[in-house]
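Please read the following report alongside the sequence and the coordinates.

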Amino acid sequence: MARPLSLDKRTAILEAATEAVAVLGVSAPTAKIAKGAGVAEGTLFTYFANKDELLNRLYLELKTDLRDAVITGYPAGKNLVERSRHFWDRYIGWGSAHPLKRRAMRQLAVSDRITEETKKLVGDAFGEINDMMREWAAGGAMRRQPPSFVSAILSAIADTTMDFIAREPAQARRYTKAGFDAFWKAVAG
């Protein structure tokens, strides 16, 4: 009978993959990931059938971590501005607190190695947030644009905001507010 897989080893592999992908992109060698996790390369493939499975699982894990951060305390019954501000503050807070996760997620998001199935799972996990994004796209300056375009604008402004926070942490509140104001004007115009 096969031994059960260790949750600690799986977690170590995903953490090492996060760092490797953040620094080297999706071409990060599995040998480097295994070494970072403190396991043999063969052990990595005991947990993930191949590199693509590892990258897809990592993307799903990172997006789930982000979703959990932004959905906590989500003010579902509030108006669009309040819900959007909650989302923005949590998203910026998560990305600022986890720069390697943010960089790895960004690398994976543009990779052709992420399957449509994984993208669908991610989309399904963000139910209320996706509904809010559709509201953004339905009104204001973005009403004729696809939600994916609105989401890309959000990501660009959020990345800029988090980059400035990383350079000047004492100005985090100022940049978080300024970033939201810029995004809101672009969306709600």
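This is a predicted model: local features need pLDDT of at least 70, side-chain atom pairs count only at pLDDT 80 or more; totals for chains, interfaces and linings use all residues.

Residues are numbered from 1 along each chain as its sequence is written, and side-chain values use heavy atoms, with hydrogens and water left out.

**Pockets**

A pocket here is an open set of points on a 1 Å grid over the protein atoms alone, where a 1.4 Å probe fits and protein lies on both sides within 12 Å along at least five of seven lines; lining residues have an atom within 4 Å of a point. Volume is the space filled by probe spheres set on the points, which are joined across faces, edges and corners. In the table, Ala, Val, Leu, Ile, Met, Phe, Trp, Tyr, Cys and Pro count as nonpolar, Asp, Glu, Lys and Arg as charged, and the others, Gly among them, as polar.

| Pocket | Volume | Lining by class |
|---|---|---|
| Largest | about 780 Å³ | 14 nonpolar, five polar, six charged residues |

Of the 25 residues that line the largest pocket, Tyr59, Lys63, Met133, Ser151 and Ser155 are the closest to its centre. Helix α9 gives the most to this lining, with seven residues; helices are DSSP runs of H or I with at least four residues, numbered from the N terminus. The second largest pocket has 13 lining residues, with Leu14, Glu15, Thr18, Leu62 and Lys101 nearest its centre, and the largest share of its lining, six residues, comes from α1.

**Helix α5**

Helix α5 has 18 residues and spans 25 Å from its first C-alpha to its last, close to the 26 Å expected at 1.5 Å a residue, where the expected span is 1.5 Å times one less than the number of residues. Its buried residues (under 20% relative accessible area, 1.4 Å probe, protein chains only) include Phe87, Trp88, Tyr91, Ile92 and Trp94. The cover over the buried residues of α5 includes α4, α6, α8, α9 and α10.

**Thr176**

Thr176 belongs to helix α10 (residues 172-188), and this residue counts as buried because its relative accessibility is 12%. A polar atom of the Thr176 side chain lies 2.7 Å from the backbone oxygen of Ala172. Leaving aside neighbours within four places in sequence, Thr176 is in contact (heavy atoms within 4.5 Å) with Arg85, Trp88, Asp89, Ile92, Thr161 and Ile165.

Methods: Helices (H or I, at least four residues) and strands (E, at least two) are DSSP runs, numbered from the N terminus. Buried means under 20% relative accessible area, exposed over 50%, partly exposed in between (1.4 Å probe, protein chains only). A polar contact is a pair of N or O atoms within 3.5 Å; within protein, one must be able to donate a hydrogen and the other to accept it, and residues adjacent in sequence count only if both atoms are side-chain atoms.
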